[in-house]
Amino acid sequence: MLKLQNSLFLVPILCICFVAISEASVHEYNGEKFVSKGNAFVVHGGSEGIYSSFSDPLKETDSSSAGDSYIRFEKITFRRPKDTANFSSQPIQAIVFEVEDRETIGGSAYGGQRAICCTADLAKLGVCPEGEVIYRPSTENPNWPKVFGVSFNGDDEVATLPSRKIRISKTGMYNLYFIHCDLNLKGLTVEGKTVWKNPTGYLPGRMAPLMNFYGFMSLAFVILGVFWFSQYARFWREVLPLQNCITLVITLGMLEMTLWYFDYAEFSESGIRPIGITAWAVTFATIKLTIARIIILTVSMGYGVVRPTLGGITSKVIMLGATFFVASEVLELVENVGAVSDLSGKARLFLVLPVAMLDAFFILWIFTSLSATLNKLQVFLFFSFLFFVSDVKLVPSSYFSLATHSCLSVNSHFSPFSSGHIQVIIDNENI
């Protein structure tokens, strides 16, 4: 216990070491293939909330400072298979836009189906060059969206996008897409990376406040842990099994909050999500959630209140807890490990369903067990009343025997109120 208490004091020291860390996440592309979307071929380059580093959104100067927010393109290359490298292609474009300007992307001729790439009909109307992305300047800032690209010349197998830094002049959710409209560019892939930076660091806009939150929560858990463990050590002879479980939950919560803080601090410093720290943070969080649910369920069943053990349902509780742990662990790992975008992937939609169903089963079982436990307590109060009135001779003993037989026959499934338990209580009352 003393070693555990000493180790707890290391947590705030480690937290203080990270306070001075500042808050661009790095989006890496390792041969991602273009996917057909309508009449275009698309690769999603990232989506993040970015805070503006300009007081006036319409003024974008070239002066750089440590507090700039930007999206920087580094060594973005497009590769096509060697067997298709025998012609000059239409441009492959990168388009960056704020979510409120999404309606400026794409268009249609004569009110028909909306298209991303400029069609022959639109080109005849002089709206856009055929084979390029359709876009219109934003009504709020005519300099947006940002669109630029590169083409394959002759038999080139690789085309490199010029390095570029786009400064963010307006706070919002920004999206990056790589798009081409050439049907002959089959098997095209993209490589390289983009760096997204907020004025205060590399954390995406949605994640930026979480670092401070987990920092404060780590300190709060340390204070709670010091108080709890001091009381635990003081009254260690009277500790109940359930209080041991609560101690475990507090310890896991402390580790979880500290690891999440380290995760976001490292992400903010380097721009790369630390896989190891994230995986451990997710694991501790999932273990804590699982144990907390099992504690609530067992208490609802009367464990430590009206029954000393769970009996034959112990294996079922453990099986439900293990299933919930596996489902939650997979969901959280997919959602958090290596994630640098502010938007969740489609995989979450499928993985969240089993977790939601298990949560619903936990809730149903908890309330059902709680209702049964309350019935047991009501029977106990009834017996206590009968013992009292029997001692003071307010009712005949025949009434007491009849009532006891009726209650035992109705509540025969309640193990704490078997005839053996009743006899012990009666003996205690007679004493």
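## Disulfide

A disulfide is a pair of cysteine sulfur atoms within 2.5 Å. This is a predicted model, in which local features need pLDDT of at least 70, side-chain atom pairs count only at pLDDT 80 or more, and totals for chains, interfaces and linings use all residues. Residues are numbered from 1 along each chain as its sequence is written, and side-chain values use heavy atoms, with hydrogens and water left out.

The structure holds one disulfide. Cys 117 and Cys 181 form it, with their sulfur atoms 1.9 Å apart. The angle about the S-S bond is -85°, and the link of Cys 117 and Cys 181 is left-handed. Cys 117 lies in the loop between β5 (92–98) and α3 (120–124), and Cys 181 in the loop between β9 (172–180) and β10 (189–197), so the pair ties together parts that are 64 residues apart in sequence. Here helices (H or I, at least four residues) and strands (E, at least two) are DSSP runs, numbered from the N terminus.

Buried means under 20% relative accessible area, exposed over 50%, and partly exposed in between, with a 1.4 Å probe and protein chains only. Cys 117 has 2% relative accessibility and so counts as buried. Cys 181, at 11%, also counts as buried. Cys 245, at 30%, counts as partly exposed.

## Open sheet

Five strands form an open sheet in the order β2-β3-β9-β5-β6, with antiparallel pairing. The edge strands are β2 (35–37) and β6 (146–150), each pairing on one side only. Neighbouring strands of this sheet are turned by 35° against each other on average, direction ignored.

Two strands pair if DSSP finds at least two bridges between them. β5 and β6 pair in the antiparallel sense over five bridges. Gln 93 has Gly 149 in β6 as its bridge partner.

## Helix packing

Two packed helices are described by the angle between their axes and the distance between the axes. Helix α5 (residues 241–270) and helix α6 (residues 275–300) pack at an angle of about 155°, with their axes 8 Å apart. Axes are lines fitted to C-alpha atoms, for helices over the stretch in contact, and angles run from 0 to 180 degrees between N-to-C directions. α5 and α6 are therefore roughly antiparallel to each other (angles over 145 degrees).

The crossing of α5 and α6 is left-handed: the near helix is turned anticlockwise from the far one by less than a right angle. By class, the contact of α5 with α6 has 22 nonpolar, three polar and three charged residues. Ala, Val, Leu, Ile, Met, Phe, Trp, Tyr, Cys and Pro count as nonpolar, Asp, Glu, Lys and Arg as charged, and the others, Gly among them, as polar.

Terms used. Angles under 35 degrees count as roughly parallel, over 145 as roughly antiparallel, 65 to 115 as roughly perpendicular and the rest as oblique.
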